[in-house]
Amino acid sequence: MIMPVFDTAAIERAATADLVFDAVRESLIAHAHGRTTVPPPLHLQFPDADGDCHVKAGWVTGAPDFTVKIATGFYGNPAAGLPTNHGLVCVVSAQTGQVRAVLDDRGLLTAWRTAAAGALITHAMARPDATTLAVFGTGEQARLQVEWLARLRPITAILVHGRSQDRARALCEEFAARGQHARPASAEEAAGADMVVTTTPASAPVLESAHVRDGAHVTGIGTDMPHKNELPPALFGRAALIATDDHDQCLHHGDFGHAVRAGTVTADDDTPVGLLLEKPIERPDDAITVADLTGVGALDAAVASAVLRELTR
């Protein structure tokens, strides 16, 4: 038997937005209720090349497959004309242990499940009337967070903050070409938006807690290794509600963990994001809410299995 290998073009055709949203939402809810198996991720760092690699595995209880995923981020690649992210997903039968397929997605499914998770939780936790969105970062995930959130709610203005003004302007031009109003912004101005999403590999906070307005929601996407840190501990202290995608991961290598170690909050001050997706949340209009997303292997499993079903129909 020849093991099938599906390329990025085939995967992109199969992985519709609805399919990814549904798989991510259902797996986050399952994870919140303990219906998943997710071992700690393996991390490799390549400081000379400004790169890192994550190996994540996951299984949703009762699903026919589990997955093992390799995802890389090499942050100097754009200067050489290469994409920042790459990777593949190995889909394995949970009944026989046989490898069913390799999804040679070059990091696409990781990017899309991250975008879907960020969009779902930002939409769930932000005020219903929140329409201005700021993104910290100018890479692929910054673009995707805007695109996927716009599928769930109207966005009237987009503020982009990045270390490179040229890249911030270029991303704003991409949004403008799609009919969205976007402009570069300072860190202080961006932190004052209704909704803030951080998508950087930063090792120190990219915004100040005092600049986040009452009533805002902030989602941290980029802190997925112990040395990374996007959100200041003080922000968690101001939050009326803190959500994490995986409690242990976020304590070990998320922004929530930095806040706990700083003494700003305690280790039991978080709520699983899946519970907030399961039923609407009540939030005072002036409350600050924060989500810390470190990436859960169960999401990779759910999305890859759903895509494989489409590919093998």
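This is a predicted model: local features need pLDDT of at least 70, side-chain atom pairs count only at pLDDT 80 or more; totals for chains, interfaces and linings use all residues.
## An enclosed helix

Let's start with helix α4, which covers residues 140–149. Eight of its 10 residues are buried, so helix α4 is largely enclosed by the rest of the structure. The buried ones are Q141, A142, L144, Q145, V146, E147, W148 and L149.

What do the buried residues of α4 pack against? Their partners include three helices, α2 (17–32), α3 (108–125) and α5 (165–177). They also pack against the strands β8 (132–136), β9 (157–161) and β11 (195–198).

In soluble globular proteins, nonpolar side chains tend to be buried together. Here, the largest nonpolar core has 65 residues. Which of them touch the most other members? They are V20, V24 and W148. Helix α3 gives the most to this core, contributing 11 residues.

Take a closer look at V24. Leaving aside residues up to four places away in sequence, V24 touches R113, A116, A117, L120, L299 and V303. There is also a second, separate core of 25 residues, with F136, V196, A216 and V290 among them.

## The second largest pocket

Rolling a probe the size of a water molecule over the atoms shows where empty space is left. The second largest pocket has a volume of about 220 Å³. Its lining is made of 14 residues, and those nearest the centre of the pocket are A23, E26, A302, A306 and R309.

Where does the lining come from? Helices α2 and α11 (297–311) each supply at least two of the lining residues. Sorted by class, the lining has eight nonpolar, two polar and four charged residues.

## Cysteines without a bond

How many disulfides does the model have? The count is zero. For C250, the nearest cysteine sulfur is that of C53, 20 Å away. A disulfide needs the two sulfur atoms within 2.5 Å, so C250 is in no disulfide.

Is C250 buried or exposed? C250 counts as buried, because its relative accessibility is 0% and the cut-off for buried is under 20%. C172 is buried as well, with a relative accessible area of 5%.

## A glycine in a loop

Finally, find G263 in the loop between α9 (255–261) and β14 (270–272). G263 is exposed, because its relative accessible area is 59% and exposed means over 50%.

Note on methods. Residues are numbered from 1 along each chain as its sequence is written. Side-chain values use heavy atoms; hydrogens and water are left out. Buried means under 20% relative accessible area, exposed over 50%, partly exposed in between (1.4 Å probe, protein chains only). Helices (H or I, at least four residues) and strands (E, at least two) are DSSP runs, numbered from the N terminus. Contact means heavy atoms within 4.5 Å. On a 1 Å grid over the protein atoms alone, a cavity is a set of points where a 1.4 Å probe fits but cannot get out, and a pocket is an open set with protein on both sides within 12 Å along at least five of seven lines; lining residues have an atom within 4 Å of a point. Grid points are joined across faces, edges and corners, and a volume is the space filled by probe spheres set on the points. Ala, Val, Leu, Ile, Met, Phe, Trp, Tyr, Cys and Pro count as nonpolar, Asp, Glu, Lys and Arg as charged, and the others, Gly among them, as polar. A nonpolar core is a set of buried Ala, Val, Leu, Ile, Met, Phe, Trp, Tyr and Cys residues joined through side-chain atoms within 4.5 Å.
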